[in-house]
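Hi there,

Here is the structure I promised to pass on to you. Please have a look at it first, and then read my notes below.

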Amino acid sequence: MSKDTEMKEVELNELEQEKQSMNTDTEKNGCVKVKLPEEKEVKFTGLTKEELMRVAGTTGWVRTRWVLLVLFWLGWVGMLAGAVVIIVQAPRCKPIPEMHWWNEGPLYQISDVNSFSDGIKGIENKLDSLNQLKVKGLILGPVHTVQADQISTLNLKEIDPEVGSEKDLDSLLERAHKKGISIVLDLTPNYKAAKAWFGNIDFASDKLMEACAYWLQKGVDGFLFSDVSHVAFTDTWQSIQNVVHSNTREGTKKIALIVSVTKQPSEYVSQLLERVDLLLTRLSGIDLSGVQQAEVMAKLYSNHSSLAWSLNKNTSDLPTSFYHMLLFTLPGTPVFNRGDEVGLKEGESLTEIWDLENPAEENNETAKTIRAERSAVRSFFKSLSDLRGKERALLHGEYTTLHSSSSSFAFLRLWDQSERFITAINWGNSPVTIIMTDGDLPAEARVRLSTDTEKLAVDSMVPLDKLQLEAKQAVLLSYPYAG
């Protein structure tokens with residue numbers, strides 16, 4: 001076979017193999033399968049540093065940055081200016097006046113310690129009940145030993161064994177202080193006779209100062225002296241002041257120097273207020289007319305934080321709640337005598353007035369009625385005491401007379417931006433229409449407490465231009481601060 005023929009056969013064989021290979025992968029429809037490489041996902045990695053620097057330097061971006069910077073500072077300055085305007089235009093709160101423990105709640109005076117069973121020990125057993133009434137201090141006694149008009153028998157540092165012992169007083173002091181109740185001792189020397197000071201204070205000046213220092217060391221929180229009309233402006237009284245005020249508890253608690261006076265003109269009372277911490281007076285009793293009361297309060301108002309009020313309710317037929325309303329809402333400190341919280345009258349026994357909330361079974365209908373009445377009076381007392389402790393207007397607010405007549409009286413108590421309170425009373429035997437003369441009053445106010453809830457229901461709204469009060473009725477109204 002020639003060489004050319006062999007070469008042609010080789011080519012034909014290769015051609016056949018190629019055709020065979022193609023026929024092997026050929027589909028029935030004549031398509032050929034072709035494998036393509038998979039596309040890879042392309043991720044944007046951002047501009048490079050060089051690219052960013054080139055873009056940031058363009059005119060458009062430079063202007064945009066300046067505009068944003070100017071807007072930021074304008075907004076910041078605007079907010080600062082707005083805050084300054086709000087602060088300047090906002091009403092400023094008045095500073096709270098100086099307050100002592102005797103300004104924070106009612107005081108409870110127990111002159112006759114023997115009216116309690118077990119004397120001083122019996123008083124200690126009633127502290128829980130007094131604490132429920134928000135009482136801030138007890139005025140106790142006198143409890144020292146003395147015989148009427150017998151100067152030689154006076155011992156201001158010895159407790160009369162008929163009322164208890166010094167150990168009993170120590171126990172009372174400890175437990176009362178744990179409950180936040182202060183103890184004041186009445187050290188009026190000749191308290192069993194008509195002349196409280198034996199006619200002269202100088203006789204007992206040393207004894208008085210020694211006694212004050214002694215009882216202060218025991219933990220007593222203050223002293224009461226009665227009928228000081230002839231002694232309050234003497235050198236001996238100044239010495240007593242120095243002894244009392246040189247002692248301060250826990251750096252803040254001030255010792256109270258309290259005096260009581262009766263039937264003294266307002267000018268004298270104003271002078272005396274400068275020499276005592278608290279002055280207890282019945283000067284504004286109901287025997288005065290509303291006009292006189294308004295005049296008295298106007299004269300004494302500037303020193304009202306040093307005033308304490310106690311009214312002689314036994315000479316009147318007015319409801320006890322009437323007196324509660326007046327004492328708790330007048331500027332100053334209300335002082336109540338034993339049994340006042342339940343309407344106890346002069347000469348009545350204290351027996352069974354303390355457990356009114358958990359009474360024993362009563363078979364006598366009269367006893368049930370009396371208990372119910374006393375429970376209602378005590379509840380009214382407690383409501384007033386709670387309200388006075390919460391509302392700044394009643395605690396230390398300003399005083400303004402709104403109305404006065406021969407048998408009626410109305411006044412306003414307000415403090416800064418706190419709720420305002422109006423007390424209106426009519427102790428006459430006929431209804432009255434009270435017309436209030438303050439132009440800033442709203443058209444109506446809400447009844448907070450009333451001595452006659454059938455006539456003036458609690459939470460009802462009443463008009464202030466012509467307030468109708470029935471005979472022997474008192475009401476406490478309130479309205480919000482308007483700005």
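Helix H11 (residues 320-329) is mostly covered, with 10 of its 10 residues buried. Buried here means under 20% relative accessible area, exposed means over 50%, and partly exposed is in between (1.4 Å probe, protein chains only). The buried residues of H11 are Thr320, Ser321, Phe322, Tyr323, His324, Met325, Leu326, Leu327, Phe328 and Thr329.

A word on the source: this is a predicted model, in which local features need pLDDT of at least 70 and side-chain atom pairs count only at pLDDT 80 or more, while totals for chains, interfaces and linings use all residues. Residues are numbered from 1 along each chain as its sequence is written, and side-chain values use heavy atoms, with hydrogens and water left out.

Now the overall picture. The protein has 13 helices and 20 strands; these are DSSP runs numbered from the N terminus (helices: H or I, at least four residues; strands: E, at least two). Of the 483 residues in the protein, 44% are buried. The accessible surface is about 26,800 Å², and carbon and sulfur atoms account for 52% of that; the areas come from the Shrake-Rupley method with a 1.4 Å probe, and for residues only the protein chains shown count as cover. Taking contacts (heavy atoms within 4.5 Å) between residues at least 6 apart in sequence, 68% join residues at least 24 apart.

How do helices H6 and H7 pack? H6 (residues 166-178) and H7 (residues 205-218) meet at an angle of about 55 degrees, and their axes are 10 Å apart. The axes are lines fitted to C-alpha atoms over the stretch in contact, with angles from 0 to 180 degrees between N-to-C directions. H6 and H7 are therefore oblique to each other, given that angles under 35 degrees count as roughly parallel, over 145 as roughly antiparallel, 65 to 115 as roughly perpendicular and the rest as oblique. Glu166, Leu169, Asp170 and Leu173 of H6 make the contact with Tyr214, Trp215 and Lys218 of H7.

Finally, some backbone details to look up in the loops. The peptide bond from Gly141 to Pro142 is cis, with omega near 20 degrees, and Pro142 is in the loop between strands E2 (137-140) and E3 (144-147). Asp149, in the loop between E3 and strand E4 (150-159), has a positive phi near 65 degrees. Asp227 has a positive phi as well, near 50 degrees, and lies between strand E6 (222-226) and helix H8 (235-245). At 39% relative accessibility, Asp227 counts as partly exposed.

Best wishes
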